[in-house]
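Please look over the structure below. A short report on selected parts of it comes after.

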Amino acid sequence: MRVRNGKRSGKHKNTLEQGGSRIRFRVWMTINSVILLGLTAWILLPDSTGSDLPAVDSPQSQVGASALPEASDAPPPTKEQVMAIPGVRFGLSAPQVPYSSEELNRLSNAAGARPSILQFFVKWTEPLRPEAIGLSYDQNALPLISWEPWAGSSGGESQPKYALDTITAGDHDKYVRAFATTIKDLGYPVALRFAHEMNGKWYPWSESRSGNDRGDYVKAWRHLHDVFGEVGATNVIWVWSPNILRPVPNVSIEKLYPGDKYVDWAGFVGYAVDETTAKAVFQPTITAIRKFTKKPLLITETGAQPGSKKLGFIKDFFEWLPEQNGLVGFVWFEFSEKQGGSADWRYSADTRYAKAFKQGMSKLKLAAPPVHR
């Protein structure tokens, strides 16, 4: 879900305290390198779709270098170890996550559990903030970066500068290599969701926008994957994430799939609008994906539109979820309209929703955090 322009401002508050650790050292060294290279660092807030329709950008807030993470002296887990953790991963995307421990604590209390995935968004006009990785791990969560090849929605639905063939041609390789190197140097597993909802028509990376042609998306994805491999950023969990089929039933997601060699988790975005059951929202897309890959599935964005059907959807979601083989988790998009969402998707918006959400979470066998402290 994209966040509307002008809905968020001011500095992030209540950042996590500093501590001496392996991640802190790596983050600090990376920050120094970034400063020496003259890169501008800004907090990256969501610029994504929360329903099946587009919205616009949010301004960014700045976090100083004091937001350095804590960690144990234990060696970082491998990508394979993190992916092998059993159970359902509870993911969260919210306005100040992962930078505000206060907000994360509040939302965790409302859910009755702490998230093991924290998602945030990065446009291609922005470098990766190493603090976001460290702070995610300080909160015992895997960072999930939604990596968006555009300058933001203010640039419109077509942005030829970021056309898919320019990515494949290597026009952005300097930026891509710097991004990959930052991830490699941090050493901890990072989930990366490149150009989500590519089957829709509301983003410049759609094959129907920016002068893109059929087949360009797969070529761009594979090129990025290869560059990360050349850099040695093998700690990336690659997350492919189309929109559910409902708004674009005639677009083949199979033709947009880069192939099992290039994907670790096959995700999808889906929100309940008029539906009261999770099956109605997700099953057509799951059935389509299962025709061409058996990769683990992750719901990378979900929520429910306010109204008489929201409570029923939340209750049904948690009945449906444990029955899904191969579904490793979900990310709830915890944004209101005031915060920039196209609707109020939050489970914390009403005590009835929060109660149903907490009761549902209590029935799940939740995945352990990616690291233990």
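## Ground rules

This is a predicted model, in which local features need pLDDT of at least 70 and side-chain atom pairs count only at pLDDT 80 or more, while totals for chains, interfaces and linings use all residues. Residues are numbered from 1 along each chain as its sequence is written, and side-chain values use heavy atoms, with hydrogens and water left out.

Helices (H or I, at least four residues) and strands (E, at least two) are DSSP runs, numbered from the N terminus. Buried means under 20% relative accessible area, exposed means over 50%, and partly exposed lies in between (1.4 Å probe, protein chains only).

Helix α7 spans residues 216-231, 16 residues in total. From first C-alpha to last, α7 reaches 23 Å, close to the 22 Å expected at 1.5 Å a residue. That expected span is 1.5 Å times one less than the number of residues. The buried residues of α7 include Tyr217, Trp221, Leu224 and Phe228. An α-helix has 3.6 residues a turn, so residues three or four places apart point the same way. The buried residues of α7 pack against β3 (142-148), α5 (164-168), α6 (173-186), β4 (190-194) and β5 (236-240); contact means heavy atoms within 4.5 Å. Gly232 follows α7 and has a positive phi, near 95°.

Helix α6 has 14 residues, which should span 20 Å at 1.5 Å a residue. Its end C-alpha atoms are 20 Å apart, in agreement. Among its buried residues are Tyr175, Val176, Phe179 and Ile183. Just after α6 comes Gly187, with a positive phi of about 85°.

## A parallel strand pair

Strands β6 (residues 265-269) and β7 pair in the parallel sense over four bridges. Two strands pair if DSSP finds at least two bridges between them. Val269 stands opposite Glu301 in β7. Strand β7 covers residues 297-302, and six of its six residues are buried.

Ala266 lies in β6. Ala266 has a relative accessible area of 0%, so it is buried. Its contacts include Trp240, Ile289 and Leu298, not counting residues up to four places away in sequence. Pro296 is 30 residues from Ala266 along the chain, yet their C-alpha atoms are separated by 6.1 Å.

A cavity is a set of points on a 1 Å grid over the protein atoms alone where a 1.4 Å probe fits but cannot get out; a pocket is an open set with protein on both sides within 12 Å along at least five of seven lines; lining residues have an atom within 4 Å of a point. The whole structure holds one cavity of 30 Å³ or more. The largest cavity has a volume of about 40 Å³. Its lining includes Val82, Arg89, Ser116 and Pro370.

The second largest pocket has a volume of about 310 Å³. It is lined by 14 residues, and Glu207, Arg214, Val251, Ser252 and Leu256 lie nearest its centre.

## Backbone exceptions

Most residues other than glycine have a negative phi, and most peptide bonds are trans. A cis peptide bond joins Val97 and Pro98, with omega about 10°. Pro98 is in the loop between β1 (89-93) and α3 (101-111).

Asn140 is not a glycine but has a positive phi of about 60°. Asn140 is partly exposed, at 26% relative accessible area. Ala195 also has a positive phi, near 45°. Ala195 sits in the loop between β4 and α7 and is buried at 0% relative accessibility.

Key:
Grid points are joined across faces, edges and corners, and a volume is the space filled by probe spheres set on the points.
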